[in-house]
Amino acid sequence: MSKTILVTGGAGYIGSHTCLLLLEAGHEVIVVDSLVNASAESLRRVESIAGRSLDFHELDLLDAARLEQLLTSRRPDKIIHFAALKAVGESMSDPLRYYHNNLAGTLSLMRAMEAAKVHRVVFSSSATVYGEPARVPVGEDADLRPTNPYGQTKAMIERMLLDQARAAPWGVVLLRYFNPVGAHPSGRIGEDPAYPNNLLPFVTQVAAGQREKVVIFGNDYPTPDGTGVRDYIHVMDLARAHLAALRRLDDGPGAHAYNVGTGRGYSVQEVIEAARRASGRSIPTEVGPRRAGDIAELTADPGLAQAELGWRAEHDLDDMVASAWHWQSENPKGYRS
């Protein structure tokens with residue numbers, strides 16, 4: 001059944017791919033995005049691929065009055081909340097900006113939801129809430145102990161939503177993403193950072209000759225090749241997880257947390273090798289010091305999402321990297337191409 005879904009941060013990387021699947025599934029989509037870290041061009045391409053239009057509002061969540069007016073006038077059935085600042089390193093150097101934007105923005109959204117009597121939300125959380133877990137793969141019952149301000153904001157927002165779900169008949173799904181990578185198979189939408197803070201966009205830019213080399217932040221971790229190991233997930237698999245989470249909200253009030261990952265970890269060196277295979281290019285590397293806030297290994301136990309959402313990842317590392325290279329090759333300057 002078609003629903004009206006409001007998507008905050010819908011012009012961003014994961015948001016745009018999810019909006020595309022929502023449109024293709026027949027939903028009406030309202031997008032709220034400040035465009036601080038995104039481009040409206042992504043939404044124009046989404047509409048072109050889907051052959052349907054969405055309703056875009058350039059709006060910061062901190063503009064509480066406009067946000068409440070939009071929600072009360074449109075009364076969406078459900079909300080997917082992506083909007084946030086998301087760079088771990090930047091959060092270490094400018095924590096106040098992260099706490100203000102991510103926490104105050106979410107609080108503004110929650111107040112607008114309450115005013116509009118919209119009580120079902122999927123929250124874009126992160127595996128960073130686990131910090132350095134006692135064991136991997138990590139399950140949803142692990143302690144939350146983030147090691148950087150970005151992760152702290154995700155954990156705090158989870159707590160805000162859980163508290164509200166206990167106090168009122170809210171339906172909440174928390175999706176704890178691991179490491180989203182890749183792009184839509186068309187090559188028309190993908191990850192377009194002004195400066196890559198994540199590994200794969202940086203690697204593909206080096207492969208394309210836009211950057212000189214990949215700096216590997218530490219090769220002395222207790223992992224098979226000494227480089228950090230992460231659970232990478234294709235952005236299209238992640239987008240499908242959001243549609244599964246929306247269906248979970250139909251079960252009624254309550255709060256549920258799910259890991260969204262493959263359950264398989266790949267090292268930094270393995271990702272670089274996959275990019276060499278996909279691009280056919282040499283990719284120079286240099287080993288640098290560890291980054292503050294990084295950990296050795298983080299992989300998901302995705303069993304709960306498989307059991308309760310009926311969702312599982314379908315793409316392997318080579319699929320992910322090949323799609324990222326396709327996007328990079330077709331759009332050498334991202335959405336400015």
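Me: What makes strand S9 and S12 a pair?

Reply: In this predicted model, strand S9 (residues 229–230) and S12 are joined antiparallel over two bridges. Pairing needs at least two bridges, so S9 and S12 count as paired. Within this pair, Val229 stands opposite Ser267 in S12.

Me: Why are S12 and S14 said to stand at the edges of the sheet?

Reply: The sheet is open, with three strands in the order S12-S9-S14 and mixed pairing. Strand S12 (266–267) and strand S14 (297–298) each have a single partner strand, so one side of each has no neighbour in the sheet.

Me: Why is helix H7 called mostly covered?

Reply: A residue is buried if its relative accessible area is under 20%. Eight of the nine residues of H7 (residues 199–207) are buried, including Leu200, Phe202 and Val206. The cover over the buried residues includes strand S7 (179–181), strand S8 (214–217), helix H9 (268–279) and helix H11 (317–330).

Me: Which residues touch the most other members of the largest nonpolar core?

Reply: That core has 42 residues, and Leu22, Val29, Leu54, Val122, Leu175 and Trp311 touch the most other members. Helix H8 (235–249) is one of the elements that give two or more residues to this core. H8 gives the most, with ten residues.

Me: What does Val29 touch, not counting residues up to four places away in sequence?

Reply: Contact needs heavy atoms within 4.5 Å. On that basis Val29 touches Ile5, Val7, Cys19, Leu22, Leu23, Leu54 and Asp55. Another core, of 27 residues, lies apart from the largest one, and among its residues are Leu6, Leu67, Phe123 and Ile157.

Methods
Residues are numbered from 1 along each chain as its sequence is written. This is a predicted model: local features need pLDDT of at least 70, side-chain atom pairs count only at pLDDT 80 or more; totals for chains, interfaces and linings use all residues. Side-chain values use heavy atoms; hydrogens and water are left out. Buried means under 20% relative accessible area, exposed over 50%, partly exposed in between (1.4 Å probe, protein chains only). Helices (H or I, at least four residues) and strands (E, at least two) are DSSP runs, numbered from the N terminus. A nonpolar core is a set of buried Ala, Val, Leu, Ile, Met, Phe, Trp, Tyr and Cys residues joined through side-chain atoms within 4.5 Å.
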